[in-house]
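Here are my notes on this one, as promised. Have a look at the structure first, then go through the points below.

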Amino acid sequence: MIYPKIPLAQSIIEILSAKGISNIIISPGSRNAPLTIGFAQNPNFKCYSIADERCAAFFALGIAQQTKEPTAIICTSGSALLNYYPALAEAFYSQIPLIVISADRPQNKIDIGDGQTIRQQNVFLNHSVFNANLTEESSEENDLKINKAIEEAIKLKGPVHINAPFEEPLYETVSGLSVSPVITKPEQEVFAKTIENIEEFVSVWNTAKRKLVLVGVNEYGILDQNIIDNLAQDPSVVVLTETTSNLHAPNFFQYIVLLNYTFDDADFKDFNPEVLITFGGMVVSKRIKGFLRKYKPSHHWHIDTLRAYDTFGALTKHVIMQPNDFFSDLFSKTIKTESNYFKSIDDVYSDRKIKKQNYLSKIEFSDFKVFEKVIASLPKNCQLQISNSPAIRYAQLIEIDESIEVFCNRGTSGIDGSTSTAIGAAVGNKKQTIFITGDISFLYDSNALWNSYIPKNFKIILINNGGGGIFRILPGHEENVFLLFLKIASIKSQLWQSYHFNYYKAFDEKALDENLKEMYSQNEFPSILEVFTPTAENDKDLKQYFKELI
């Protein structure tokens, strides 16, 4: 086998191999050549070459999101490293393990006017779970830092940064290793299976008549069926889920915004929970956050093995357990409480579901109608990736088949890497992957298609509403805000041939139905369906919908 001559590069590669890290995303450069040579020549690694570092990092995030294992990204020195930052921030808040390995100049070359140098050490300090600043020579101290970085990425489910200085020559190779790096074995982390001071929880649970369970971004299958049944059958419990919660039951309320968008103060007071239990990641609904901040529960318990954000200013307990273990222990010692809490919410919900269907049946072609048709068309057991801004908000309003896993970059809620993340997820999970995005979000990340690894069954559904749709929905907008969006949104139509995508387009409901069927039926090339909706009508249809719910 061929190895880089530089001992430090050998150590990094051998430690990653020993730790079972297999997916390596490499962006081009000279300073990282020792790493590129070593990873590419080692059969223990699957290497991907992604030129644009920002896209590379989001592509890696998508793979890690699906495999639940750290993915490594490798770059050269200088500003290349900074292009990783948006994806690292997303990984930090979404609890996704990434390993950044940046090649650097030796420390004596920093801040003396040498080319392609910046202060790389600790550059991600505010949005990483560990930083390993290595010295130029291979050493046990360096080995321990590399081991620690990988272990922390796994343990804390977040991004880590390993900064490795290399001196020229960079391209020399050898046929044997000159190092025998230290490999550490982390202690297996074991979380509690029983609730500490459970009597306190039991007492509150058994006496409360209004208990709200709010689920944010969540892994599919996180709760056992008996736990779901217990929650669904308790008349004092209301479970609110979102599209990204990946949690389904007939008695769970799947569209948060359907319930609270038109509530007045009296409604909110009736809905106000005594006990709030949360688990999972970020919540999309701005309304539910505003409601719970204004009408604070007496008790807010957040169940998470790592973090507990005080999103509503009401947090009273952070329970460091897996949600399934927490509910299993709680339900073994509690009773169902007589209450009309569930029924009162269910009555409102059922009424508004009927009104929603009546409204959708009569509106003309618009963003809302397109989302209804697209989501209904999705193949069972597929993976759905959704971009931010209007796309994820419209998806909140439509029921999604429970066999479909749903993902969105809600850690920082940015539009900047949604396409790259979706492609990485399609590589990391062999399921059919459908990606729904808006025109500005797509254009912002169009370099994502500069990628040789896009699966043939990858589908993009692009909603082209003239750009900036989210701003039209928000109150207080002025029309001139959109002039820039409207000018740049038309340049992307030449991209499809360049990247060997099958291209379909639809301007009305009939063409949408026909092209969806055609797109799903062929898998020779990845496909894009561009759906053109009426810019001036989209926000009117959505706003009128909420008025008609009352």
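**Notes on the cysteines, the sheet and confidence**

1. Let's start with a cysteine. Cys408 is buried, its relative accessible area being 8%. Its closest cysteine sulfur belongs to Cys382, and at 15 Å that is too far for a bond.

2. Searching the whole structure turns up zero disulfides. Cys75 is in none, with the sulfur of Cys55, the nearest one, 14 Å away. Cys75 is buried too, with a relative accessible area of 0%.

3. Now the sheet. Six strands make up an open, parallel sheet, ordered β15-β14-β16-β17-β19-β18. The edges are taken by β15 (405–408) and β18 (502–506); each has a single partner strand, so one side of each has no neighbour in the sheet. From one strand to the next, the twist averages 20°.

4. Gln385 has Phe435 of β16 as its bridge partner. Helix α3 (residues 53–67) lies across β14 and β15, and runs at about 140° to β14.

5. A word on confidence, as this is a predicted model. The average pLDDT for the protein is 92, and 94% of the residues score at least 70. The stretch to watch is residues 481–491, where pLDDT stays under 50. The model does give that stretch 19 contacts beyond four places in sequence.

Notes
Residues are numbered from 1 along each chain as its sequence is written. This is a predicted model: local features need pLDDT of at least 70, side-chain atom pairs count only at pLDDT 80 or more; totals for chains, interfaces and linings use all residues. Side-chain values use heavy atoms; hydrogens and water are left out. pLDDT is the predictor's confidence in each residue, from 0 to 100. Contact means heavy atoms within 4.5 Å. Two strands pair if DSSP finds at least two bridges between them. Helices (H or I, at least four residues) and strands (E, at least two) are DSSP runs, numbered from the N terminus. Axes are lines fitted to C-alpha atoms, for helices over the stretch in contact, and angles run from 0 to 180 degrees between N-to-C directions. A disulfide is a pair of cysteine sulfur atoms within 2.5 Å. Buried means under 20% relative accessible area, exposed over 50%, partly exposed in between (1.4 Å probe, protein chains only).
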